[in-house]
Amino acid sequence: MSAEVEGTLRGPEAYALARRALQEMEDCGVWPTPLNFELWLHYVGDPEGPLGREIQRIMRDGESFTEQLSEALATNYLPRARLTDEIRDAGAQLSRELKSVAAAMSTAQRSQRDYGKTLADAGEGLESGAIDADGLKRLVDNLTSATEKVQTVNDTLEKRLQASTREVVKLREHLEQVRRDAMTDALTNLANRKALDEHLTRACLEADENGQPVTLAVIDIDHFKRFNDTWGHQTGDQVLRYVASVMGRLGLPPRLAARYGGEEFAIVFPGETSPIVEAAMNTIREEIASRILKRRSTNEELGAVTISVGIAQRVKGEGMASLMERADEALYASKRSGRNKVTNAGQLDQAAA
Ligand code: C2E
């Protein structure tokens, strides 16, 4: 969330900001769903940020804010915005910790200096020889209390350092969780597009090093919009979850399954050739098509859900964008030839030749 949003959420202007967000939504005819509200809070809090600029562009172009568009905005911009907030919060927490450790260290240094002076004074007193039994007792008492004082300060410093170390470990774990969240699609729990891009980039780099193949499959649920319109978004979301769970089972490491857009998924297969991937995708395509899904609330049968798939095996030195493009072309070939199909880009290339 932007600095303004984050700060005011805890401050007195929170209501004003929320009202501004709601007013802007009403002015633009945007439905006040929780997701849209979150998007608009970011937008009014930081209109010149990447999300703010994109919302302004959409409004200028007169596009309407459909659920799909809001979801795409959230996928593309909110994880980054949330991550930025969390990193800033962690940074602030870390500097508070460092400040408090620095204060404890400077107290310890002062106390060490005082202790040194007490020792030096005692040494001078003893050297002068002008010290009687009472004086010697006072000197020993002084030294004892100075030693206790310096020990107390050192103990405090040690405890402070231990507490700070625990706090920094907690912060690191928290940031790791935030990073994982920012890479995960909230609806399906699969990796999101950002995670897919990173994984695919890494797989391509590794393939350049070890000469192994990489294959990409892109998957689209057939007629999903029609399904959503007939049964409603809640049931549509359940279908997305169902398809995602099948993808997730297939996409175990070192593979990676991701939700790539609204009803689009992708799976990266490092080290695997396209004929192997084609067989695996045909198996899950049949599994999905043969499953009878039911509407949870009424137990009505929802009919068959099918998927279309495009597969492309990376050619040596090929970039991620070109590989995705070829897999997309193969997906559209599956759609054009009747859906519920798997098409291998290699076959398209052969047919074209
Ligand atoms: P979920 O409802 O949280 O279910 C998680 C898993 O529990 C399912 O994974 C399945 O293994 C099991 N499960 C849940 N309910 C039943 C049931 O009534 N019968 C049987 N045999 N197993 C059940 P699965 O199948 O991979 O589904 C993942 C998610 O996909 C489900 O999460 C749900 O959100 C959605 N889904 C799957 N099938 C249907 C369905 O027929 N109707 C609806 N509305 N959603 C479904």
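Author: Happy to! Axes here are lines fitted to C-alpha atoms, for helices over the stretch in contact, and angles run from 0 to 180 degrees between N-to-C directions. Helices (H or I, at least four residues) and strands (E, at least two) are DSSP runs, numbered from the N terminus. This is a predicted model, where local features need pLDDT of at least 70, side-chain atom pairs count only at pLDDT 80 or more, and totals for chains, interfaces and linings use all residues. Residues are numbered from 1 along each chain as its sequence is written, and side-chain values use heavy atoms, with hydrogens and water left out.

Now to the pair itself. Helix H8 (residues 224-231) packs against helix H9 (residues 233-250) at about 135°, and their axes are 7 Å apart. H8 and H9 are therefore oblique to each other; angles under 35 degrees count as roughly parallel, over 145 as roughly antiparallel, 65 to 115 as roughly perpendicular and the rest as oblique. From H8, Phe 224, Phe 227, Asn 228 and Trp 231 meet His 233, Thr 235, Gly 236, Val 239 and Leu 240 of H9, where contact means heavy atoms within 4.5 Å.

His 223 sits in the loop between strand S1 (214-221) and H8, and has a positive phi of about 50° although it is not a glycine.
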